[in-house]
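Work through the exercises below with the sequence and the structure side by side. Try each task before reading its solution.

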Amino acid sequence: MTSDVWLPVPALGMEGLPDGFTYRFWDGGQDFPADPADCAFYVVPYMKGPEIAVRPLAAMTSVRAVQTLSAGIDHVEPGLADLHSGVHLCNARGVHEASTAELTLALVLASLRGIPGFVRGQDQEEWRAGFYPALADKSVLIVGYGSIGAAIEDRLTPFECARVARVARSARTTERGPVHPLADLPGLLPSADVVILSTPLTEATQGLANADFLSRMKDGALLVNVARGPVVDTKALLAELESGRLRAALDVTDPEPLPAGHPLWHAPNLLISPHVGGSTSAFMPRAKRLMADQLTRFAAGDPLRNIVLTTP
């Protein structure tokens with residue numbers, strides 16, 4: 001039985017890794033650290049894109065588990081057909097909640113309170129006083145109520161929002177209140193002052209925020225996307241921004257990275273951050289704990305956490 005484990009960080013200095021494995025460091029470089037056929041557990045390099053993520057998969061004939069360090073798995077999905085039956089694909093639930101929720105609140109507050117304009121005013125030595133919206137008393141709609149969506153609501157609580165509504169793939173009840181199914185979304189959008197997208201990218205959510213979705217948002221509402229770029233129809237969003245009817249804050253874009261000259265760069269009422277929701281000092285300690293825990297379970301033959309799917 002193969003015992004190679006591919007990690008995107010050096011094993012030296014990582015606490016809690018079980019004995020019995022040969023740890024190989026590969027962070028997406030041109031050369032593989034060993035024969036991919038000998039890899040039993042593959043941790044996908046973080047934020048290196050789908051081409052690198054799937055490059056060794058076809059040759060990983062002995063792999064039994066693939067672990068992403070992202071909440072989404074869309075960058076790995078193109079290579080799943082190359083894997084043999086019974087391979088577990090696990091995501092990084094528990095790693096990114098704190099960082100992504102922090103950035104979400106930062107984008108909401110910065111957009112509402114006019115921070116981008118203040119920064120431009122400082123550059124030009126202009127005192128841009130005025131009356132700006134507060135988050136207090138606003139109605140917020142979270143679309144995608146998994147662990148990240150719940151973490152966002154945790155951080156919204158002290159801001160005295162008038163209401164927080166929740167939408168996920170299917171209806172359920174939480175301690176904070178009901179979660180509506182996607183089918184209820186058209187009826188919820190018109191009353192939301194802030195709409196936060198934190199859903200995974202799936203066939204059901206690709207292009208979710210299209211022209212019809214955006215047209216249902218109230219005048220002056222703020223759209224915040226910390227999900228994936230293709231969840232939003234870029235052309236439809238540009239039309240709403242250029243008309244001045246909506247505002248937006250995007251940590252993810254379509255295309256991504258956003259190329260020079262793209263109209264989103266200069267769209268009015270838009271704040272862009274370069275897909276840094278999970279890229280903070282909080283990432284690596286949590287990622288290392290997840291890897292160590294998963295590998296300990298793997299070595300013991302115990303069920304892995306965060307299994308998203310198992311290849312047929």
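**Exercise 1.** In this predicted model, find which residues of α8 are buried, and then find what covers them.

*Solution.* Begin with the helix itself, where Phe283, Ala287, Leu290, Met291, Ala292, Gln294, Leu295, Arg297 and Phe298 are buried. Next, look at what lies over these residues: the cover includes the strands β1, β2, β3, β4 (65–67) and β5 (88–90).

**Exercise 2.** Compare the span of α8 with the expected span, and then inspect the residue just after the helix.

*Solution.* The helix has 18 residues, and the distance from its first C-alpha to its last is 26 Å, which is close to the 26 Å expected at 1.5 Å a residue. Just after α8 comes Gly301, whose phi is positive, at about 75 degrees.

**Exercise 3.** Describe how the side chains of β1 (residues 4–7) are arranged, and determine which strands pair with β1.

*Solution.* First take the side chains: Asp4 and Trp6 point one way, Val5 and Leu7 point the other way, and all are buried. Then follow the pairing, in which β1 runs parallel to β2 (residues 22–25) over four bridges, with Phe25 as the bridge partner of Leu7. Finally, β1 is also joined in parallel to β3 (residues 39–43), by three bridges, and here Asp4 stands opposite Cys39.

**Exercise 4.** Locate Asn306 and trace what its side chain reaches.

*Solution.* Asn306 sits in the loop between α8 (283–300) and β14 (307–310). From there, its side chain reaches the backbone oxygen of Arg93 at 3.1 Å. Leaving aside residues up to four places away in sequence, Asn306 touches Leu89, Cys90, Asn91, Ala92, Arg93 and Leu290; of these, Leu290 is one of the buried residues of α8.

Technical notes. Residues numbered from 1 in each chain as written. Predicted model: local features only at pLDDT ≥ 70, side-chain atom pairs only at ≥ 80, totals over all residues. Heavy atoms only, no water. Buried < 20%, exposed > 50% of the residue type's maximum accessible area, 1.4 Å probe, protein only. Helix = DSSP H or I, 4+ residues; strand = E, 2+ residues; numbered from the N terminus. Pairing = 2+ DSSP bridges. Polar contact = N/O pair within 3.5 Å; in protein donor to acceptor, adjacent residues only side chain to side chain. Contact = heavy atoms within 4.5 Å. Expected span 1.5 Å × (residues − 1).
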